[in-house]
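Here is a short note to keep beside you on a first look at this model.

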Amino acid sequence: MSHTIQRQRLHDLNRLNEVNYQLIMRLLPDLLNMADTAVSKAKNADDLHLQVIERSPYTTALSLTHHYRAGAIRLAVPDLWLRVYHDVCVAEAIAQIDGNSPAHARAYDWHRGLDAEVKRQLNTFTEKWLRDCLQQGHVFKHA
């Protein structure tokens with residue numbers, strides 16, 4: 001793959017992460033002051049669950065998911081993990097946890113081994129899903 005194509009893909013991924021940041025800020029307008037767990041309820045939509053995984057001065061790592069019930073089992077789908085970089089205004093999907101993914105304890109560093117194409121696919125899915133959540137009327141209000 002040529003250096004020019006690699007540079008273009010990196011630029012596209014960076015732009016996608018900027019768009020995802022804007023969507024996250026619409027969904028979580030007061031992210032820096034949110035509780036570590038919260039639920040957004042929207043009419044005629046499944047509840048959206050937030051869990052803050054880690055906070056630092058410049059970043060917040062979080063999980064967003066819908067919870068579905070299958071009999072006695074609760075499924076978190078998609079269990080999407082994101083890292084929000086407040087200082088540079090980007091949000092990067094770092095993992096989508098499912099039955100085949102690493103355990104939660106290791107999933108946080110999972111994205112470091114992903115190539116740019118897999119990251120692009122994950123962040124493209126993230127953009128579409130965040131837009132869908134917003135369209136359903138989800139927004140996390142500071143309690």
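1. Asn-44 sits in the loop between E1 and E2. Although Asn-44 is not a glycine, its phi is positive, at about 60 degrees.

2. A word on the model itself, which is predicted: local features need pLDDT of at least 70, side-chain atom pairs count only at pLDDT 80 or more, and totals for chains, interfaces and linings use all residues. Residues are numbered from 1 along each chain as its sequence is written, and side-chain values use heavy atoms, with hydrogens and water left out.

3. For the overall layout, the protein chain has three helices and five strands. Helices (H or I, at least four residues) and strands (E, at least two) are DSSP runs, numbered from the N terminus. Read from the N terminus on, the order of elements is α-β-β-β-β-β-α-α. The protein chain has 143 residues, and 42% of them count as buried. Take the contacts (heavy atoms within 4.5 Å) between residues at least 6 apart in sequence: 51% of these join residues at least 24 apart.

4. Back in the loop between E1 and E2, you will also find Asp-47. Asp-47 is partly exposed, as its relative accessible area is 27%. Leaving aside residues up to four places away in sequence, Asp-47 touches Val-39, Ser-40, Lys-41, Thr-65, His-66, His-67 and His-138. With one of these, Lys-41, the side chain of Asp-47 makes a side-chain polar contact of 2.8 Å. A polar contact is a pair of N or O atoms within 3.5 Å; within protein, one must be able to donate a hydrogen and the other to accept it, and residues adjacent in sequence count only if both atoms are side-chain atoms. As for His-66, it is 19 residues from Asp-47 along the chain, and their C-alpha atoms are separated by 6.0 Å.

5. Is Asp-79 buried or exposed? Asp-79 counts as buried, because its relative accessibility is 7%. This aspartate belongs to strand E4. Its side chain has a polar contact of 2.6 Å with the side chain of Ser-63, and another of 3.4 Å with the side chain of Trp-81.

6. Ser-63 turns up again at the largest pocket: along with Leu-50, Gln-51, Thr-65 and His-67, Ser-63 lies nearest the pocket's centre, out of 13 lining residues. On a 1 Å grid over the protein atoms alone, a pocket is an open set of points where a 1.4 Å probe fits, with protein on both sides within 12 Å along at least five of seven lines; lining residues have an atom within 4 Å of a point. The volume of the largest pocket is about 160 Å³, where volume is the space filled by probe spheres set on the points, and grid points are joined across faces, edges and corners.

7. Which strands supply the lining of that pocket? Strand E1 (37-40), strand E2 (48-55), strand E3 (59-70) and strand E4 (73-85) each give at least two residues. E2 contributes the most, with four. Sorted by class, the lining has five nonpolar, seven polar and one charged residues. Here Ala, Val, Leu, Ile, Met, Phe, Trp, Tyr, Cys and Pro count as nonpolar, Asp, Glu, Lys and Arg as charged, and the others, Gly among them, as polar.

8. Now for the cysteines. The structure holds zero disulfides (a disulfide is a pair of cysteine sulfur atoms within 2.5 Å). Cys-133 is buried, at 0% relative accessible area, whereas Cys-89 is partly exposed, at 37%. Cys-89 lies in the loop between E4 and strand E5 (90-97), and its phi is positive, near 60 degrees, in a residue other than glycine.

9. Finally, look at Val-90, which is in strand E5. Val-90 counts as buried, with 16% relative accessibility. Not counting residues up to four places away in sequence, Val-90 touches Asn-17, Glu-18, Tyr-21, Arg-83, Val-84 and Tyr-85.

Technical notes
Buried means under 20% relative accessible area, exposed over 50%, partly exposed in between (1.4 Å probe, protein chains only).
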